[in-house]
Amino acid sequence: MTFSDILDRVGSMGPYQYLLVALLGFPILGMANHNLLQIFTATTPSHYCRPPPNASAGPWVLPLDQNGQPEKCLRFVHPPNTSLPNDTQWATEPCLDGWIYNSTRDTIVTEWNLVCSSNKLKEMAQSIYMAGILIGGLVLGDLSDRFGRKPILTGSYLLLAACGSGAAFSPTLPIYMVFRFLCGCSVSGISLSTVILNVEWVPTKMRAITSTVIGYCYTTGQFVLPGLAYAIPQWRWLQLTAAVPYFIFCVMTWWIPESIRWMVLNGRSSKALKVLKRVATFNGKKEEGKKLSLEELKLSLQKDISLAKAKYTTADLFRTPMLRRVVFCLSLAWFATGFAYYSLAMGVEEFGVNIYILQIIFGGVDIPAKFITILSLSYLGRHITQAAALLLAGAAIMSLIFVPSDMSIIRTVLAVFGKGCLSGSFSCLFLYTSELFPTVVRQTGMGISNVWARVGSMIAPLVKITGEVQPFIPNLVYGSIALLGGCAAIFLPETLNRPLPETLEDMENWYQTSKKPKPEPEAEKASQMIPLQSSGPGLDPS
């Protein structure tokens with residue numbers, strides 16, 4: 001008897017599972033609000049130097065830049081048309097008295113003057129938030145294994161609510177950055193616990209569907225964000241609006257059960273049995289729940305208990321040639337996807353289109369992108385899908401270099417296409433990674449891979465600063481890395497219609513058999529009798 005059999009007896013996809021998916025999905029709806037919040041809270045409006053206090057009441061003439069536009073960061077030292085020598089009359093100086101902003105929106109840029117020499121701080125704020133996601137994944141992942149999935153989920157909701165509210169009341173930029181860093185940490189805890197609880201409480205055949213539903217909750221959140229931003233032009237109120245619902249989500253975790261696997265592996269089998277009986281009652285299978293025993297429960301998870309006792313470390317990912325190749329290529333693919341995705345997602349205001357409409361389009365493209373990705377994964381395979389998604393995204397980003405800035409429609413189309421490809425790449429990577437790593441190191445492999453995505457998303461905002469040297473450099477870097485990640489994916493083995501490897505030896509044997517000639521049709525048909533553990537953009541339970 002396996003744990004799946006136990007789950008079937010208490011109702012594998014009954015009302016309790018539907019309630020669980022809803023409780024896990026609603027908070028994900030607001031995740032986009034935090035990940036992409038700075039698109040609206042840190043927009044940079046058109047601006048120019050504030051005239052000095054002793055300036056005359058007449059219009060103050062501004063110097064012009066190389067493109068014939070008024071300078072944003074310089075002003076004349078003396079008023080024009082004065083009886084001064086030319087070299088003195090046309091002398092310029094920085095904006096010593098601040099700036100005047102042509103905008104009705106209130107943002108962190110206008111409040112703390114993050115323009116001209118301070119414009120790098122805007123990108124730094126987003127990078128610090130992404131650094132929080134990276135650190136949170138490393139720290140809270142370990143704490144989740146030690147204290148359980150549910151306490152970390154509850155604590156992460158509370159942390160996001162408290163620190164998001166704190167950011168809204170920050171008196172200075174450094175304090176704002178600290179709160180945003182902690183928000184990033186909590187986002188990692190929510191993502192990690194949500195994925196694990198969904199995978200462990202839902203039957204294998206429904207796992208891909210529920211994972212997709214939760215993924216679409218994030219996509220839907222991208223439609224909510226521009227509406228909120230349009231209705232709330234003050235950045236502090238917008239920040240607070242995004243944070244407050246998580247106080248409610250924190251209370252809602254009372255109805256979310258702890259992971260049965262975690263409880264059994266940590267010596268809490270009696271409590272796990274009580275939870276299963278409560279689920280059985282909720283699903284209308286109270287009699288079946290009463291028949292369950294501790295012996296059956298422990299026997300069903302015997303394999304998990306044995307694997308937990310075996311000590312595998314990160315070093316085991318580099319023990320065999322095949323695993324070393326998989327780790328290197330997947331790390332590059334994850335880094336490239338996170339790096340390029342956030343270069344486009346956070347660059348909405350650069351395309352000369354209304355940012356509210358463009359954000360809705362950016363969110364909308366994820367719907368067909370994920371659907372096409374699922375079809376491609378099922379019929380063309382993981383290998384081709386992953387390589388094609390990154391190569392096409394890289395080509396779209398590189399194309400932006402050659403499109404003039406005044407051709408905003410073409411630039412927008414390329415950006416939307418690129419973001420759709422990168423969204424598909426993320427969906428593919430979650431499934432592909434879980435299928436490539438053997439069971440004994442799968443969690444470690446997933447963790448290492450996800451770290452690289454976070455590193456990429458953390459570095460992406462900083463690369464935008466290189467645009468001050470030459471405007472084409474950021475897109476050149478983003479596009480090149482995406483193309484490199486696509487090339488690396490070409491060297492990964494195909495996993496379509498193949499059983500999941502359990503041990504390191506399985507992985508190496510798999511590689512050796514993949515190099516042999518393909519079997520005859522009958523033999524090939526027999527080899528495909530074992531069903532996949534995961535067939536959608538979700539994570540394997542192991």
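Predicted model: local features only at pLDDT ≥ 70, side-chain atom pairs only at ≥ 80, totals over all residues.
## The protein as a whole

Let's start with the overall picture. The protein contains 26 helices and four strands. Of its 542 residues, 51% count as buried. If you look at contacts between residues at least 6 apart in sequence, 80% of them join residues at least 24 apart.

## Helices H18 and H22

Helix H18 covers residues 321-345 and helix H22 covers residues 408-436; their axes come within 9 Å and cross at roughly 150°. Angles over 145 degrees count as roughly antiparallel, so H18 is roughly antiparallel to H22. The crossing of the two helices is left-handed.

Which residues in H18 and H22 meet? On the H18 side they include Val326, Leu330, Trp334, Tyr341 and Leu344. Among their counterparts in H22 are Leu422, Phe426, Leu429, Phe430 and Leu436. Glycines take part as well, with Gly338 in H18 and Gly418 in H22 among the residues that meet.

Finally, a single residue to look at. Glu123 sits in helix H7, which spans residues 120-147. Glu123 is buried but has no salt bridge. The nearest side chain of opposite charge belongs to Lys122, and it lies 4.7 Å away.

What does Glu123 touch, leaving aside its neighbours within four places in sequence? Its contacts there are Pro461, Leu462, Lys464 and Ile465.

Methods. Residues numbered from 1 in each chain as written. Heavy atoms only, no water. Buried < 20%, exposed > 50% of the residue type's maximum accessible area, 1.4 Å probe, protein only. Lys, Arg positive; Asp, Glu negative; His and termini not counted. Salt bridge = Lys/Arg side-chain N within 4 Å of Asp/Glu carboxyl O. Contact = heavy atoms within 4.5 Å. Axes fitted to C-alpha atoms, helices over the stretch in contact; angles between N-to-C directions. Parallel < 35°, antiparallel > 145°, perpendicular 65-115°, else oblique. Left-handed = near helix turned anticlockwise from the far one by under 90°.
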